[in-house]
Amino acid sequence: MSERPDFSAFPDASGHFGPYGGCFVSETLMGALDELKAMYERLKDDPQFRADFDYDLAHYVGRPSPLYLAERWSKQVGGANIWLKREDLNHTGAHKVNNTIGQALLAKHMGKPRVIAETGAGQHGVATATVAARLGLKCQVYMGAEDVERQKLNVYRMKLLGAEVIPVTSGSKTLKDAMNEAMRDWVTNVDDTFYIIGTVAGPHPYPQLVRDFQCIIGREAREQSLKQAGQLPDALVACVGGGSNAIGLFHPFLNDDGVAMYGVEAAGDGIETGRHAAPLSAGRPGVLHGNRTYLMEDDNGQIIETHSVSAGLDYPGVGPEHSWLKDVGRVQYVAADDQEALAAFRELTRVEGIMPALESSHALAYAKKLAATMSPEQNIVVNLSGRGDKDILTVADIDGIKF
Amino acid sequence: MRRIERCFERLAGENRKALIPFVTAGDPQKAVTVPLMHDMVKAGADIIELGVPFSDPMADGPVIQLACERALAHNTSTRDILGMVKTFRETDTETPVVLMGYLNPVEVMGYEAFASAASEAGVDGVLLVDLPPEEALEVKPIMDANGLDMIFLVAPTTSDARIKLIGEAGSGYLYYVSLKGVTGSAALNVDEVASRVETIRNLAKLPIGVGFGIKDAESAQAVSRVADGVVVGSALVNQIDKFQKEPAAINGAIGDILSAMRTAMDT
């Protein structure tokens, strides 16, 4: 890296992070995106909007989330101290709610009575259904038919919260297809509907506003590190599907040169098998879902199916800011496979009494390797982006246990 | 003069409107497409929009989603489609052909490589539904240098300022999407379309084709009274879906629909 860019100045005015990002949607949505952009520009520094957001994060979500030193696990691993940013303790059990609170406030300001969302593991769907219930908004959630099957508990949670879950049977029947279908709904109902995108992807301004809402993770972690460890962490580790929990943790540290960052993608059966969900590790740039970013595609530009034990990482693209951070070398993108993630899931559960989501388990698996190469004076912060209750059935299934 | 411009000029002289059928290339089989293009011209088509299949057709309804899946089931690639156009051009040097699809299958080839190959094959225009003019600044001069028209969409939600911008960015014709929704949605409202087309005419100089929601001779006739071109897609692709197991019947079924539209539009 020659000259470090000022990371806080991106995206640029047209919504780009270097060559990535942008606004690649059909014309019908351009007006709605302009409207959203204008509303967000007006509200993002508005003291009342900030106060409303902060109030909800404190009293509804339960923030700040703790920064917990996993002492026993760190000792066992034998290296750096591993700190866990406990997003699993948020209301609804994951970091997703930070964003849905913010976007629901925007929907309210824009007077939209109906919200839609796409979901993979169901965490974003639950977080959307939750804020919709609280604000009395009509809510429909698109979910790949395959994910509906493997995340039954979250499907029922959304129904209990009053949302309608619409299984998507086109394409690969997973998160990317749910996003296609949500886009189709939005283009049809653009007058009365707010599309709450769950990750830092999609057309501008979504990657920016979702990031801004998720940055509470990194701002807290920065302050907590200084207070609890007496210094900034040496490294940050977070899992990357679309990449919202990772960007939320990383972004407030990007201009701190001494802090190394690792985004962990899902290697599925292994990068070398081609059955994975790791576009930054093994893909190339293209255009999907409104933005230019690294994708998993074939030689004809068709998006290829992804594989991961965790539904939330099973996505062929990634937020455009991650693509840029990879190219400029600020963040290292690595991968952990299904077996490594499952081992980390079991290990943290047994050693610390904390059951992580399978998504977050990818970050834990890499953090374990990284910590072992570091010294006990050093500190790693891992984003424990969600809790693992939703994955119990998946793990039981792997263990051959039927309920 | 480019083929598309010449086509609209000729039609204007005859006081007729362009009938513009859309089919997805390679649906249900690669061998079907070129003969179908010729038969559509015989049935009265003036311009052909050839769909380039994409795995994630976000702006399309179920009918064209399935067409993409059928075409991709046997790996219809952008290069295959350019080959089809080249074959079509061996016996039809006049009917304009527009490739319609999404950006990624074009971008993966590289803009230069795509544009020169498309131009050489005899393609006249390119319509990429997820590429608004703001994101087309790099690709547009390359298309232009290769004699390819870039056709952009105008939607019911497009502001006057944007209509002007799109009118200046595009060439060939403007494609007015008659309703908020995906392809193959509910029927369009003719009065609404008429009033929007008038607005667009005041803000942009290009001929205006109208698509989405045109299902039969009656709606084609109504739209032809106000627009310069009538685009029909899902209604035709439905026939491909229906006869996918007996492709010999496809050309006749699509020809019947187009002939009826042609007659109604010219009456």
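Ring pairs join Phe7(A), Phe10(A), Phe17(A) and Trp324(A) into a cluster. Here, rings of Phe, Tyr and Trp (its six-membered ring) pair if their centres lie within 6.5 Å; planes under 30 degrees apart count as stacked, over 60 as edge-to-face and the rest as tilted. Keep in mind that this is a predicted model, where local features need pLDDT of at least 70, side-chain atom pairs count only at pLDDT 80 or more, and totals for chains, interfaces and linings use all residues. Residues are numbered from 1 along each chain as its sequence is written, chains are lettered from A and ligands numbered from 1 in the order in which they are written, and side-chain values use heavy atoms, with hydrogens and water left out.

**Aromatic pairs**

- Over all chains, the count comes to 13 aromatic pairs.
- Take Trp186(A) and Tyr206(A): their ring centres are 6.2 Å apart and their planes sit at 80°, so this pair is edge-to-face.
- That pair links distant parts of the chain, with Trp186(A) in helix H8 (residues 175–188) of chain A and Tyr206(A) in helix H9 (residues 206–214) of chain A, 20 residues apart. (Helices, H or I with at least four residues, and strands, E with at least two, are DSSP runs numbered from the N terminus.)
- Buried or exposed, what is Trp186(A)? Trp186(A) is buried, because its relative accessible area is 4%. (Buried means under 20% relative accessible area, exposed over 50%, and partly exposed in between, with a 1.4 Å probe and protein chains only.)
- Tyr206(A) counts as buried too, at 1% relative accessibility.
- Over in chain B, the rings of Phe8(B) and Tyr173(B) have centres 5.7 Å apart and planes at 55°, so they make a tilted pair.
- Phe8(B) lies in helix H1 (residues 3–14) of chain B and Tyr173(B) in the loop between helix H8 (160–169) and strand E7 (174–177) of chain B, so the pair ties together parts that are 165 residues apart in sequence.
- Both Phe8(B) and Tyr173(B) are buried.

**Covered elements in chain A**

- H9(A) is mostly covered, with 9 of its 9 residues buried. Among them are Tyr206(A), Arg211(A), Asp212(A) and Phe213(A).
- Strand E5 (residues 114–119) of chain A is also mostly covered: 6 of its 6 residues are buried.
- Arg114(A), Ile116(A) and Glu118(A) point one way from E5(A), while Val115(A), Ala117(A) and Thr119(A) point the other way.
- E5(A) runs parallel to strand E6 (residues 138–144) of chain A, joined by 6 bridges. (Two strands pair if DSSP finds at least two bridges between them.)
- Val115(A) has Cys139(A) as its bridge partner in E6(A).

**Two open sheets**

- Strands of a sheet pair through backbone hydrogen bonds, either parallel or antiparallel.
- Chain A has an open sheet of 4 strands with antiparallel pairing, in the order E1-E2-E13-E12.
- Strand E1 (16–17) and strand E12 (284–288) of chain A each have a single partner strand, so one side of each is left without a neighbour in the sheet.
- In that sheet, 2 bridges join E1(A) to strand E2 (residues 20–24) of chain A, and His16(A) has Gly21(A) as its bridge partner in E2(A).
- Chain B has an open sheet of 9 strands with parallel pairing, in the order E5-E4-E3-E2-E1-E9-E8-E7-E6.
- Its edge strands are E5 (149–150) and E6 (153–154) of chain B, each pairing on one side only.
- Strand E1 (residues 18–24) and strand E2 (residues 48–51) of chain B pair in the parallel sense over 3 bridges, and Phe22(B) has Glu49(B) as its bridge partner in E2(B).

**Helix H6 of chain B**

- Which residues of helix H6 (residues 111–121) of chain B are buried? They are Tyr111(B), Phe114(B), Ala115(B), Ala118(B) and Ala121(B).
- These cover an arc of only 135° around the axis, which puts them on the same side of H6(B). (The arc is that of the directions from the helix axis to the C-beta atoms.)
- Glu112(B) and Glu120(B), on the other side of H6(B), are exposed.
- After H6(B) comes Gly122(B), with a positive phi near 105°.
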